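This report covers one protein chain.

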Amino acid sequence: QQLPLLPELWHTVLTYLGPRDLCQVALVNHEMYELSSKDIVWEVHFRNLLAGKQNVRQYFSSKLNGISIKERMQYCMYDSKRPLITPAEIAYFTWKLYYNGEPSQMGLRKFNADGTYNSPYSGLCEWTVQDNHLVFMGVVLPVVRNPHNWGWIIGSGCRTVYYSIEPSHSLSSSSSSSGTAAQSIVSS
C-alpha cells in the first residue's frame with residue numbers, strides 16, 4: 001500500500017520528529033523505514049548533536065562515504081562515552097591551563113605528537129599516557145571526558161587542570177566550539 005503523501009512531503013514532516021520518534025516511525029512498515037532513514041531527515045539532528053562538541057572531525061572523513069548520517073550520529077554518541085584518551089588526541093588538541101582555578105596568563109598549551117611538551121617554565125620535557133593519566137614533569141594527572149563538549153579534562157580535581165580546545169579555535173579565547181564546521185560539512 002502506497003502512502004498518500006509524496007516522499008518530499010514526508011521528509012519535511014519527518015524532520016520535525018526527534019531521533020527517538022524517527023526510530024519508532026521506522027517500525028511502521030518498509031516504506032516508512034526507508035523514508036525515516038534518509039540522510040535529509042537526520043541532518044538537522046546530526047548538526048544539533050554536534051553543535052559545541054569537540055573531537056568529531058573523524059565523522060566527516062571521506063573514508064566514511066557510504067555510511068549514513070544516522071549511523072555516524074550513533075558512532076558519535078558511542079564515542080562520546082569512551083573514557084580512555086589516546087596519545088594522538090592529546091597531541092591533536094590545544095589545552096587551556098587553569099592553576100588553582102585561575103586561567104594561565106601564558107596562553108594555550110600544546111603537547112607534541114613526538115611525546116614532548118615545551119613548558120614555559122621548564123622548557124622541553126617528555127610526556128606519556130599511562131592508565132588514563134597524563135605523566136610529565138614528574139606530575140601524574142588523571143584524564144576524564146568532558147560530558148558537556150565531548151572533549152577532555154586533564155587533572156580534574158587537581159590544582160593543575162587542562163581543558164581541551166579544538167585546534168581550529170585555538171586563536172580565540174573561547175573554549176567552546178561552534179557548530180559551523182559541522183554544519184558546512186554536513187550540508188556538503
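## Terms and basis

Strands are DSSP runs of E with at least two residues, and helices are runs of H or I with at least four; both are numbered from the N terminus. Two strands pair if DSSP finds at least two bridges between them.

The model is predicted: local features need pLDDT of at least 70, side-chain atom pairs count only at pLDDT 80 or more, and totals for chains, interfaces and linings use all residues. Residues are numbered from 1 along each chain as its sequence is written, and side-chain values use heavy atoms, without hydrogens and water.

## Two hairpins

β4 and β5 form a hairpin, with three residues between them. Strand β4 covers residues 116–119 and strand β5 residues 123–130; they pair in the antiparallel sense over four bridges. S119 stands opposite G123 in β5.

β5 also forms a hairpin with β6, with two residues between them. In that turn, D131 has a positive phi of about 50°. Strand β6 (residues 133–136) runs antiparallel to β5 and is joined to β5 by four bridges. Q130 has H133 in β6 as its bridge partner.

## Segment before α1

L5 lies in the segment before α1 (7–14). L5 is partly exposed, at 37% relative accessible area (buried is under 20%, exposed over 50%, partly exposed in between; 1.4 Å probe, protein chains only).

## Whole chain

The protein chain has seven helices and nine strands. Of its 188 residues, 40% count as buried. Among contacts (heavy atoms within 4.5 Å) with a separation of 6 or more, 49% come from residues 24 or more positions apart.
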